[in-house]
Amino acid sequence: MKKDFKFYKTLFLSTFSLSAFTVGGGYVIVPLMRKRFVEELKWIDEDEMLNLIAISQSAPGPIAVNASIIVGYRLAGVLGFLVSILGTILPPLIIITVISKFYDVFKTNKIVSTLLLGMRAGIAAVIIDVIINMVGKIVKSKNKVSIAIMIISFIAAVIFNINAALIIIICGIFGSSYYIFKLHKN
Amino acid sequence: MIYLQMFWSFFQIGLFSFGGGYAALPLIEHQVIDINKWLNLAEFADLLTISQMTPGPIALNAATFVGTKVAGLPGAIIATAGCVTPSCIIILILARLYYQYKNLSTIQGALKGLRPAVVSLIASAGISILSLAIFKTEGATINSFSINDINFISIILIAISLFLLRKFNANPMYVMLGTGVIGIFVYSIM
C-alpha cells in the first residue's frame, strides 16, 4: 500500500472512530480493530494481527492504546504509530473534557442513557460476530494442539479467572517448548 | 510543577496497570485520592460513572477528568501524555524485538501457542459484554439470574444485529449507532 496522505488519513480516521465508538474498554476495541484492519482494509493478515494483539496484552497500559501503537508502527513505522496513537487518545480527551463541564446535565439526560443502553446490544452483536469468525478459523485448521490451547485457556479465563497476561505467557512458553520438542523428534 | 507531578502520577498508572480495563482502577485511586488529593471520593465515583458510559480506556478518561479539574485543558493533555508514555516506550521495544526475531523457531512456536489463547481471552471478555447487554440488573450473571433480570428488547436487538452482520456484512459502526438510536425510542416508550 502507498504511504501517501490518503493512507495516513485512513489510519487516523480508523483509530479515531474505533476509539470514539467503543464503550467498554480494551477487550471491545481489540476485536473491532481486527475487523477493521484485517477484514475491511486487509492491511494486516489474521495471524500477524493475533501476534500483535498478544504483544499488546502482555505489556502494561491500556490495551486499546497498546494495540493502536503496535498496529500503527507495523503499518508505517514511527510516523504511523504517532498518527494512530493520536487517533486513539483524542476521542476520550475531547469527550471527557466536554462531559466534565456538563456532567450534571449529562447524568440525568434520558436520551443519553437510553442511547447508551441500546448501543450495548449492538456492541455485543459485533463482538459475537468477530468471535464466531476467529473460533471458526481455529476449528477449521483442525490443528489439535491449537484447539486444545483455545479450550483450556478459555476455561482458565472464564471459570478460574486467571490473569490474561499470565495465560499469554504460559501459552507462549508451552508453544515454544512444544515446537522445539517436535523439531528434536524429527 | 503541578504539571510535572501530574505527568509523573499518570506515568506510574500507565506503567503498572497490567491486564487492562479495571486493573488500573486501584492505581488511579491510590495516585489521585490518597497521594495527591486531586479528587474526593464522590468525585471519584462520578469519574467511574462517566467512564462506564463513555468510550475510551478508563485510565485515559481519568487522566482527562483529573487534568481538567486541576489545571484545565493543558492539565488534561499532560496527564494523558503521561499515561500513554510508558506504553509507547515498552510497545515500541517489543515491536522491534518481534520483527527482528520473529523468524526464530522458538519465537514461531511461542506465537503459535499464543494465538488460540488470544482468541479465548477475547471470547471470555465477549461473555461479560454480552451479559452486560442482556441483563437489566447490575450484578446478574450467566450463573445467577432470574427471569426478571433479562432485558428482552436487548436480546432482540442483538439477534437482529447479528443477522445483519453475518448475512449482509453490515458495517459495525452503523450497527452500533443503529441500536443506540432504536434504544432511544424503544426504551423511552417502555
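**Note on chain A of a predicted model**

1. In chain A, among contacts (heavy atoms within 4.5 Å) between residues at least 6 apart in sequence, 57% join residues at least 24 apart. This is a predicted model: local features need pLDDT of at least 70, side-chain atom pairs count only at pLDDT 80 or more, and totals for chains, interfaces and linings use all residues. Residues are numbered from 1 along each chain as its sequence is written, chains are lettered from A and ligands numbered from 1 in the order in which they are written, and side-chain values use heavy atoms, with hydrogens and water left out.

2. Chain A has eight helices and zero strands; helices (H or I, at least four residues) and strands (E, at least two) are DSSP runs, numbered from the N terminus. The C-alpha atoms occupy a box of roughly 65 × 45 × 30 Å along the principal axes.

3. Of the 186 residues in chain A, 53% are buried, meaning under 20% relative accessible area with a 1.4 Å probe, protein chains only. The chain exposes about 8500 Å², and carbon and sulfur atoms supply 70% of that area (Shrake-Rupley method, 1.4 Å probe).

4. A:Thr22 lies in the loop between α1 (5-21) and α2 (26-40) of chain A. A:Thr22 counts as buried because its relative accessibility is 3%. Leaving aside residues up to four places away in sequence, A:Thr22 touches A:Val28, A:Ile29 and A:Leu32, and also B:Pro55 and B:Gly56.

5. A:Leu166 is 144 residues from A:Thr22 along the chain, and their C-alpha atoms are separated by 26 Å.

Note on methods:
Buried means under 20% relative accessible area, exposed over 50%, partly exposed in between (1.4 Å probe, protein chains only).
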